[in-house]
Amino acid sequence: MVALTDEEKAMRDGRDGDAVAAAMDLLIRYADALGAAHLCETRNVAGTNTQPSPAKTQLFEEGGWSKAFAVISLDCDDDIEVPRMKVPTCQLQHGFGDDALGIMPYSERNIELQADAESFYSSKGVNVLATCTPYQVGNLPTYGEHIAWMESSAVVYANSVLGARTNCEGGASTGSASITGRIPCWGNHLVENRYGTHLIESGLRMTGFQDWGMFGYFVGDAVQEARPVMVGDLGQPDLADLKHFGAAAASSGGVEMYHIPGRTPDAPTLEAAFGAAAPPEPLRYGEAERSAIYDSLNSIGNSEDVDFVLIGCPHASLEQIGRVARALEGRTLSAGTELWVMTPRALRAVSDRNGWTATIERAGGRVLTDSCPAMSRVAPTGTKVFATDSAKQAHYLPAILGIEAWFGTTEECVDAAVTGRWRGSLAPAAVVR
């Protein structure tokens, strides 16, 4: 049974009200099921409360947002009032907002409900960042900090690139953590569970965003939920590269943490990445593996007529938005094709100031916020074939929406938006000699 401090016992026993007591009850049951010896203190929670799913909408209609929070986040059927968040808490991506009105077949009622939920949760202390990349817009945990985050791409980035500590949490555990400042201390919170398990040796140089996505997709499929350590002439990846790599590895597998010796903070050296264990025999990534991954990501594409181009999964960085704008300068989208660039609202504001949004919109594209087609389960009306530079969306969206997918570079995707045709192909690999 999980050991509790006096402070935690007091919260469990109702000192801070019924909601906190219910949250502690849930966290204790969760910890016991996981075999956690104790709870971690956390001051950083990233969850999702505001998107009006059918179940959440029904609960709201029965008893307001407090009822929805009690049932979904606390596993509690009692009528209780939601207190103010005890620790800094942010809302991750949710449904589309006002900027989607008239652009896509998304329920106006859902947009209204979500706006109401935003007002409610903001009054309780939730920062509505509305992005799957909170680390791009102000929520940047420190090295070694215990956090409680949902969203697979955010979790793998936090553990690997930032050196924070979190498991891939759910709505109930993050909801309970937000009003208690506690989360079960197990899995990635423990040092012994953060060392590498597999060695991946790349015989190819990573030459950009697409290569990092394909490499991540290979790694995730190879190790599933384990902790890979990558070596080779990998160069200096930027934020977008590592964001793309981790999202792909978490999609084809269930990777929550990886190491790149000399690049990620828990692995200054190869030896540090594996702790006391000797590095295992490497799995190798070469030209054949790269070609196979590319073919796999494009295996659901048949028709070369492209209806829809999606950029920004995970949500696009400023550099990615600028790259799309430069590729669209002086060009116009095909009459039968739509282009959506997904990004956080905070970065959309910078894009507006930089003139990038205007360039994209002049060409006929859109810079949208808060959500994505996979999260909101929506694409432009009549979409049959989409193109993307995201290995994650190429993996998920065909299954979610029943459409064909093409995967390629950002520039190939922009070309598809302008021509209405897919003309992508795999560039030769940069082989390390």
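**Figure 1. Strands β3 and β4 in the predicted model.** This view of a predicted model shows strand β3, residues 89–91, joined to β4 by three bridges. The two strands run parallel.

**Figure 2. Backbone details at Asp75 and Pro314.** Asp75 is not a glycine, yet its phi is positive, at about 55°. Asp75 belongs to the loop between α3 (54–74) and β3. The second detail is a cis peptide bond, which runs from Cys313 to Pro314 and has omega near -5°. Pro314 is placed in the loop between β11 (308–311) and α11 (318–328).

**Figure 3. The salt bridge of Arg194 and Asp266.** Side chains of opposite charge can pair when their charged atoms come close. In this model the count of salt bridges is 22. In the pair shown here, the side chains of Arg194 and Asp266 meet at 3.0 Å, N to O. Arg194 sits in the loop between β6 (182–184) and β7 (198–202), while Asp266 sits in the loop between α8 and α9 (270–274). The pair therefore ties together parts that are 72 residues apart in sequence.

**Figure 4. Domain 2 and domain 3 in contact.** The domain assignment divides the protein into domain 1 (6–191), domain 2 (195–296) and domain 3 (300–419). The contact of domain 2 with domain 3 takes 15 residues from domain 2 and 18 residues from domain 3. The C-alpha centres of these two domains are 26 Å apart. Between domain 2 and domain 3 an area of about 1200 Å² is buried, and carbon and sulfur atoms give 59% of that area. Phe209, Lys243 and Ser251 supply 39% of the area that domain 2 buries against domain 3, which is more than any other three residues supply.

**Figure 5. The side of domain 2 that touches domain 3.** Polar contacts are present, with six residue pairs counted between the two domains. On the side of domain 2 that touches domain 3, α7 (209–223) and α8 (239–252) each supply at least two residues. Helix α8 gives the most to this side, with nine residues. Sorted by class, this side of domain 2 has nine nonpolar, five polar and one charged residues.

How values were computed:
Residues numbered from 1 in each chain as written. Predicted model: local features only at pLDDT ≥ 70, side-chain atom pairs only at ≥ 80, totals over all residues. Heavy atoms only, no water. Domains from an automatic or database assignment. Contact = heavy atoms within 4.5 Å. Buried area = accessible area lost by both parts, 1.4 Å probe. Polar contact = N/O pair within 3.5 Å; in protein donor to acceptor, adjacent residues only side chain to side chain. Helix = DSSP H or I, 4+ residues; strand = E, 2+ residues; numbered from the N terminus. Nonpolar A, V, L, I, M, F, W, Y, C, P; charged D, E, K, R; others polar. Pairing = 2+ DSSP bridges. Salt bridge = Lys/Arg side-chain N within 4 Å of Asp/Glu carboxyl O.
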